[in-house]
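Biologist: I would like a close look at a single part of this model. Please take me through it step by step.

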Amino acid sequence: MKALTPDDIRSSFVNATDEQLDRMPLPGLHEMIWEEREYLGWRDPKAHQRGYLVHWRDDRPIGIILRASDFSLEAGISAMCSLCRITQPSRQVTLFTAPRAGQAGLDGNTVGTYICDDLGCPLLIRILPTPGPLQPPPEEVLARRSAGLLERVRSFTADVAKTAS
Ligand SMILES: [Zn+2]
């Protein structure tokens, strides 16, 4: 993805209040390897239920604020992140809800989905299976995962940003 500046990030949120944005911590942007990311996602170290996700839609950064739900999946089973579609131990996948943009969100209307607990899908999809004779080459696997992740992130944030009008 194209690099994001702190200003890009702060101006990108479609579903956060000014107060929430004032309290938002920024992740360390200097050490970010942007070309290995489809989106930037991070949790709030001080308010652990809070999560943030920002990606580019054409030339515009789109950010959404998320809340991790108290509900946790049963331990010892597998779960799948709805964005990267990688199956993992259930404790690494969390139900997040995002308030809808505009009045709907202020009225308590949310969109919920299961996402990697650390909002780290871009790192996870780059852990590639050992190549085998029956498997496509790793670069093909990654290209397909990356395209799928981008498409699902875009459709998720478009759903959150959609207003009733
Ligand atoms: Zn994921």
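Biologist: Is Asp58 buried or exposed, and at what relative accessibility?

Modeller: Keep in mind that this is a predicted model. Asp58 counts as exposed, because its relative accessibility is 71%, and the cut-off for exposed is over 50%. Now place the residue in the chain. Asp58 sits in the loop between strand 2 (50-57) and strand 3 (60-68). Its backbone deserves a look too. Asp58 is not a glycine, yet its phi is positive, at about 50 degrees. Most residues other than glycine have a negative phi.

Leu119 belongs to the loop between strand 7 (110-116) and helix 4. Its surroundings are another matter. Leu119 counts as buried, because its relative accessibility is 1%, and buried means under 20%.

From this loop, turn to the metal site. The zinc ion is coordinated by the SG atoms of Cys81, Cys84, Cys116 and Cys121, at 2.3 Å. The site is tetrahedral, with angles of 103 to 116 degrees among the four donor atoms. Along the sequence, the donor residues follow the spacing C-x2-C-x31-C-x4-C. Cys81 and Cys121 link distant parts of the chain, 40 residues apart. Cys81 is in the loop between strand 4 (78-80) and strand 5 (87-89), while Cys121 is in helix 4 (residues 121-124). Cys81 is buried, at 0% relative accessibility. Cys121 is buried as well, with a relative accessible area of 0%.

Note on methods
Residues numbered from 1 in each chain as written. Predicted model: local features only at pLDDT ≥ 70, side-chain atom pairs only at ≥ 80, totals over all residues. Heavy atoms only, no water. Donors = N, O, S within 2.8 Å, 3.2 Å for Na, K, Ca; no water. Tetrahedral: all angles 85-135°; square planar, octahedral: opposite > 155°, others 65-115°. Helix = DSSP H or I, 4+ residues; strand = E, 2+ residues; numbered from the N terminus. Buried < 20%, exposed > 50% of the residue type's maximum accessible area, 1.4 Å probe, protein only.
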